[in-house]
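Subject: Structure for you to look at

Hi,

Here is the structure I promised to pass on.

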Amino acid sequence: MTKSTKIDEIAFAGSSGARYDFRVYVWETKFKAIPGVYVVAARTIEPGQPPQYQPLFVGQTGDLSAAFRGHAREECFQMYYGNVVGVLKESDDERRTSILADLLAGLAPPCNAADAP
């Protein structure tokens, strides 16, 4: 069991203008069985610059521990060099759904598109 290692925090904005604070973890992190909204992202760092995050996929789940095993968009994550997962713990189903809709409209992540690999 790998201990979850938080490497950063990032706020993503939804189309409403609301900002949501995500804890960023390395891709290999084994999560506990907690509910939340997640963002799969490509993290890049240029020397002397803060890390940049390109959101690739936004999802929500009642169980983060099982969210990434055999994910339907795994091929898309690899194609776009997805290497981190941002997590926002949220136990309320309606709230997760509303955050998800807001972020999808605001970020338009490529792996959420209907024609994504």
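Let's start with the rings: Tyr 25, Trp 27, Phe 31, Tyr 38, Phe 57, Phe 68 and Phe 77 are joined into a cluster by ring pairs. Two rings of Phe, Tyr or Trp (for Trp, its six-membered ring) pair if their centres lie within 6.5 Å; planes under 30 degrees apart are called stacked, over 60 edge-to-face, and the rest tilted.

Before you go further, keep in mind that this is a predicted model, where local features need pLDDT of at least 70 and side-chain atom pairs count only at pLDDT 80 or more, while totals for chains, interfaces and linings use all residues. Residues are numbered from 1 along each chain as its sequence is written, and side-chain values use heavy atoms, with hydrogens and water left out.

How many aromatic pairs does the structure hold? There are 8. One of them is Trp 27 with Phe 77: the ring centres are 5.8 Å apart and the planes sit at 75°, so this pair is edge-to-face. It ties together distant parts of the chain, as Trp 27 is in the loop between β2 (19-26) and β3 (36-44) and Phe 77 is in helix α1, 50 residues apart. (Helices are DSSP runs of H or I with at least four residues, strands are runs of E with at least two, and both are numbered from the N terminus.)

Trp 27 has 28%, so it is partly exposed, whereas Phe 77 has 3% and is buried.

Another edge-to-face pair is Tyr 38 with Phe 68, at 4.9 Å centre to centre and 75° between the planes. This pair also links distant parts of the chain: Tyr 38 is in strand β3 and Phe 68 in the loop between β4 (52-61) and α1, 30 residues apart. Tyr 38 is buried at 5%, and Phe 68 counts as buried at 16%.

Now for the backbone. Most residues other than glycine have a negative phi. Tyr 81, in the loop between α1 (74-79) and β5 (84-89), has a positive phi near 60°. With 65% relative accessibility, Tyr 81 counts as exposed. Ala 108, in the segment after α2 (93-107), has a positive phi of about 45°. Ala 108 is exposed too, at 59%.

Cheers

Methods:
Buried means under 20% relative accessible area, exposed over 50%, partly exposed in between (1.4 Å probe, protein chains only).
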